Amino acid sequence: MADLILALDLLDPMYAREVAESCAASLDAIKLGYPLILSAGLGVVKDLADLGLPLIADFKVADIPNTNGLIANQVFSAGFDAIICHGFTGRDAVEACVDAAHAYGGECFVVAEMSHPGALSFFSRGVAEQIATLAVECRADGIIAPATRPERIRALRSVVRSRKIYSPGIGTQGGDLRSVLPLVEGVIVGRTIYGAADPAKEAAVMAAIVNDERSS
Ligand code: O7E
């Protein structure tokens, strides 16, 4: 049962709103990160809230515990429902994000392994498993694992068990939606949807595949 999560990495707030609105019926959540927030400001969170979809803050928070806590509090005060942090910073730093998330009734996801080729320089086998273990121990709600490497999702599933796995890297980065869906609780898709000639149509096509998988 995977969610379809739109990565709204657009710079023009008006166009971002248009794309989000036109795709909303096909989506389960929207992920906002530096590209849109830096260009549009944090107010964009409130602007998108009326779509009625959970909003995930992708700042990949990676600082000392005090700073992480300050960032996480700002994120949830702004109206986000979930936050994504890095795990390589260690237990205390991850706990600061998880604690803040849970204090607001929100969720925290920890990046265990990234999807791009260069990620293999540091997120080698073993390291990602250690980060995923830490995420579980810190009571994080889930991890981020690469749609570009389904075998790594399977390996990390054995660590996180029933916790959620959200997976970016579908489409433009090479990950295959149908292969990844049975392995995860959410797929994060950006350019394949918002870069399509008709984003709403593309989102609907993907949502139909997600729904097929849900009912199979
Ligand atoms: O390749 P796209 O356009 O489908 O976009 C993928 C989105 O997922 C984009 O926002 C990117 O920043 C993010 N992402 C990855 O692509 N790979 C990762 O390993 C991690 C993320 C990410 O979102 O991390 C937190 C969830």
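Predicted model: local features only at pLDDT ≥ 70, side-chain atom pairs only at ≥ 80, totals over all residues.

Modeller: Asp9 has a relative accessibility of 28%, so it counts as partly exposed, since buried would need under 20% and exposed over 50%. You'll find Asp9 in the loop between β1 (3-7) and α1 (13-23). Leaving aside residues up to four places away in sequence, Asp9 touches Lys31, Pro35 and Tyr194.

Lys31 turns up again in the record: the UniProt annotation "binding site", from an unreviewed entry, covers Asp9, Lys31, Ser115, Gly190 and Arg191. Asp9, Lys31, Ser115, Gly190 and Arg191 are also part of the lining of the largest pocket.

Now hop over to Gly190, which lies in the loop between β8 (186-189) and α9 (191-194). Gly190 is buried, because its relative accessible area is 14%, below the 20% cut-off. Again setting aside residues up to four places away in sequence, the contacts of Gly190 are Leu6, Ala7 and Gly195.

From there, follow β8 to its partner: β7 and β8 pair in the parallel sense over three bridges, with Tyr166 standing opposite Gly186 in β8. Strand β7 (residues 164-168) has four of its five residues buried, so the rest of the structure largely encloses it. β7 also pairs with strand β6 (residues 142-144), in the parallel sense and over three bridges, and here Ile143 stands opposite Ile165 in β7. To get from β6 to β7 the chain goes through helix α7 (residues 150-160), making a right-handed β-α-β crossover.

Terms used: Residues numbered from 1 in each chain as written. Heavy atoms only, no water. UniProt positions renumbered as here; feature names shortened; annotations may be inferred. 1 Å grid on protein atoms, 1.4 Å probe; cavity = no way out; pocket = protein on both sides within 12 Å on 5 of 7 lines; lining within 4 Å. Helix = DSSP H or I, 4+ residues; strand = E, 2+ residues; numbered from the N terminus. Buried < 20%, exposed > 50% of the residue type's maximum accessible area, 1.4 Å probe, protein only. Contact = heavy atoms within 4.5 Å. Pairing = 2+ DSSP bridges. Right-handed = clockwise from strand over helix to strand, strands pointing away.
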